[in-house]
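Please read them with the coordinates open.

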Amino acid sequence: MSSLLLLLRNGSRTVPVIRGGRTATGALSGVHPVARRFIIDMSYSAHFMDFNGSSIPSSMKKLVVNKLSPDFREAVSTQTAAVPTPGDGDLLVRNRFVGINASDINYSAGRYDPSVKPPFDAGFEGIGEVVGLGLSASSSHTVGDTVAYFGSGAFAEYTVVPAKESVPVPAVKPEFLTLLVSGATAYIALKRLGDLAKGETVLVTAAAGGTGQFAVQFAKQAGCHVIGTCSSNEKAGFLKSIGCDRPINYTTEDLAKTLRKEYPQGIDVVYESVGGSVFELAVNSLANKGRLIVIGFISGYQTASGIPPFRGGTLPVKLLQKSASVRGFFLPHFLGDYREALGSMMQMYAKGKLVCEVDCGDLAQEGRFVGLESVFRAVDYMYAGKNLGKVVVEVAPPPVSNSGDRSPNAAGWRKVNRKQKVPMEEVYDICQDPGWVEDSAHPLRRPRVTHRTAVAEVVTTP
């Protein structure tokens, strides 16, 4: 009989696991084997899984697209499936939060890749803890790491993510989730296509939404005068709080008349995500050499075609007369800019220079979005225009162990020089070269904290 000794890293402990080989007649007399489920893929020379009270189940829930349709409830169903095993270079992530995007129904309608046929997994982005990983992935990650990711199959309790595509984060906070798609779209689109210049006028449609909130802030940081459209006075107040110079509640003000009256010279840059009549108005409102960036057209996504009505016969003339342009933006085409964008936004958030507003449905009629089944309500909520900020679903509560919460966000603190306690997110310097971080709130000049060090040094404060 042969045996294989696997050292399973579990927090600070190593647990020996013996796998017995097959024998024809070597069973011990009177000893009956007990059926059990191996949650380790024994085909690999070694594998790391979290046995410390994580209770990795044999099955999980996930959302699967079974029928192509722009009606998310019709296209998608909740299914039970085996918890996947990570490959050699993969992480098994227990999802804590997942993000809702307007494009979720474009995906369920099969509009991005017509060659992909149902069934396929739904969801684009998630954040959670690593509970298992392959041997190669263990060179850069460990069980207990907190990571975010942008990829398919996020609407599940557990997701396998290639380690090289994961984003280490200092804590499992939904605010970090807002940056993966919504924040990155605004950051890269305005930087690469907006050509923003100080003093220009920028119009952001759906400005209080998941990506609009970031477009407002980035345009303001560039020294621009920012106009933001929204559907309520509450959202208008939020827009003012993040620097929007002129919020326009289109339910109480006529948008076209307001723009003509207050901005007769036109708009230099438009960050547009609504489509239809709003897109037409944006084209008509462009200044000479104006740039209109199309990042979506949500008003048409729920229709059979996915495209809102548009009278475009005179578009070439209008653009020619003003030397203006319309520029499309699709995030997967700009992945070369992705890491720099995330790094910059993480630093801004850590320094208190970026607001990441999250809407977990606390004010929704049926309450907060908790559990995978809440994704359906969250999609409806967003398409009803009720959200303020990024819509996020809490898939599972934080894990609890007998030894206390040792996760990176246990109390949001880490040990530093002379036992001074400093909020961890204020010194996190993701995706950048090692160096020093200055923080006005904490004058102590301290070195960059790596994620692995941050995990090891987390303490719980009274």
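**Notes on the predicted model**

1. Pro119 sits in the loop that links helix H2 (104-108) to E7. The bond to look at is the peptide from Pro118 to Pro119: it is cis, with omega near 5 degrees.

2. E7 belongs to an open sheet of 3 strands, ordered E5-E4-E7, and the pairing is antiparallel. Strand E5 (76-82) and strand E7 (120-121) are the edges; each has a single partner strand, so one side of each lacks a neighbour in the sheet. Strand E4 (residues 59-65) pairs with E7 over 2 bridges, in the antiparallel sense. Within that pairing, Val64 is set opposite Asp121 of E7.

3. A parallel case comes from another pair of strands. Strand E13 (residues 225-230) and E14 run parallel and are joined by 4 bridges. Cys230 has Asn249 as its bridge partner in E14. Strand E14 (residues 246-249) is covered on both faces. Arg246 and Ile248 are buried on one side, and Pro247 and Asn249 are buried on the other.

4. Now the cysteines. How many disulfides does the model have? The count comes to 0 disulfides. Cys244 is in no disulfide: the nearest cysteine sulfur belongs to Cys230 and is 7.9 Å away, whereas a disulfide needs the two sulfur atoms within 2.5 Å. Cys244 is buried, at a relative accessible area of 5%. Cys360 also counts as buried, with 5% relative accessibility.

5. Helix packing deserves a look. Helix H3 (residues 174-194) packs on helix H9 (residues 338-350) at an angle of about 115 degrees, and the axes are 9 Å apart. The crossing of H3 and H9 is right-handed. On the H3 side the contact includes Phe176, Leu179, Leu180, Gly183, Ala184, Tyr187 and Ile188. From H9, the residues in the contact include Tyr338, Ala341, Leu342, Met345, Met346, Met348 and Tyr349. Charged side chains take part too, among them Glu175 and Lys191 of H3 and Glu340 of H9. By class, the contact of H3 with H9 divides into 13 nonpolar, 2 polar and 3 charged residues.

6. Lys289 has phi near 65 degrees, a positive value in a residue other than glycine. Lys289 is part of strand E16 (residues 286-294). Is Lys289 buried or exposed? Lys289 is exposed, because its relative accessible area is 61% and the cut-off for exposed is over 50%.

7. Ser323 is not a glycine, yet its phi is positive, at about 50 degrees. Where does Ser323 lie? Ser323 is in the loop between helix H8 (315-322) and strand E17 (325-328). Ser323 is exposed, with a relative accessible area of 55%.

8. Last, the overall figures. The protein chain holds 11 helices and 23 strands. Of its 462 residues, 52% count as buried. Among contacts in the protein chain with a separation of 6 or more, 67% are between residues 24 or more positions apart.

How values were computed:
Residues are numbered from 1 along each chain as its sequence is written. This is a predicted model: local features need pLDDT of at least 70, side-chain atom pairs count only at pLDDT 80 or more; totals for chains, interfaces and linings use all residues. Side-chain values use heavy atoms; hydrogens and water are left out. Buried means under 20% relative accessible area, exposed over 50%, partly exposed in between (1.4 Å probe, protein chains only). Two strands pair if DSSP finds at least two bridges between them. Axes are lines fitted to C-alpha atoms, for helices over the stretch in contact, and angles run from 0 to 180 degrees between N-to-C directions. A crossing is left-handed if the near helix is turned anticlockwise from the far one by less than a right angle, and right-handed if clockwise. Contact means heavy atoms within 4.5 Å.
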